[in-house]
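Visitor: I would like a close look at a single part of this model, with the cut-offs stated.

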Amino acid sequence: MFGIVALAAASIAIANLSDAAEANFTYKVSYRNVAVDPEGIWTGEALSGGPVTIHEYQLRTMGREFLISQIWNDDCAPAICPTRLLRLEPGGGRVVLVDDMMRQIIPPNDPRLAGLPVNGLQAEFARNPFRLSDDGKTLLNGDFRFDVDEVKR
């Protein structure tokens, strides 16, 4: 009987730990060499200078849905590019929560990853370039941290 109670307590503890863990975004899609963003997140100057590439990651958690969009355009600096975190509202609305320069990602289906030697930290970043803190108030991108502003419209 004690073993069953201990097993139940351990299961509950593990479940609570997993609920508190950071939430990783998953790769959604890439739009390569486009002149218009099919999602409408990037417009105007962000698309000037010729075709761009846009990578998107998504997260569904806590009854909410989030989208990250990173554009590879003329604004990219070595290893960083313009990136936006959006909260998707029921009914199709979007709220921009973070709009900043973030570490450039290479999506998992990119052929440039195939022959690259990577260490443990690089491999982890390639698998999970974006994470949301357990309290939902911080977006993590490698060693970059961004405050999530719930009131930004």
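Visitor: In which sense do strands β4 and β5 pair, and over how many bridges? Please take β5 and its surroundings from there.

Guide: This is a predicted model, in which local features need pLDDT of at least 70 and side-chain atom pairs count only at pLDDT 80 or more, while totals for chains, interfaces and linings use all residues. Residues are numbered from 1 along each chain as its sequence is written, and side-chain values use heavy atoms, with hydrogens and water left out.

Strand β4 (residues 64-72) and β5 pair in the antiparallel sense over six bridges; strands are DSSP runs (E, at least two residues) numbered from the N terminus, and two of them pair if DSSP finds at least two bridges between them. Leu 67 has Leu 86 in β5 as its bridge partner. With strand β6 (residues 94-103), β5 pairs over nine bridges, in the antiparallel sense; here the bridge partner of Pro 82 is Met 101 in β6. β5 and β6 form a hairpin with five residues between them, and Gly 91 in the turn has a positive phi of about 90°.

Of the nine residues of β5 (residues 80-88), seven are buried, that is, under 20% relative accessible area with a 1.4 Å probe, protein chains only.

Leu 85 is among the residues with the most contacts inside the largest nonpolar core, which has 17 residues; such a core is a set of buried Ala, Val, Leu, Ile, Met, Phe, Trp, Tyr and Cys residues joined through side-chain atoms within 4.5 Å. β6 gives the most to this core, with four residues. Leu 139 is in contact (heavy atoms within 4.5 Å) with residues including Leu 85, Phe 25 and Phe 130.

Conventions: Buried means under 20% relative accessible area, exposed over 50%, partly exposed in between (1.4 Å probe, protein chains only). Lists of a residue's contacts leave out its neighbours within four places in sequence.
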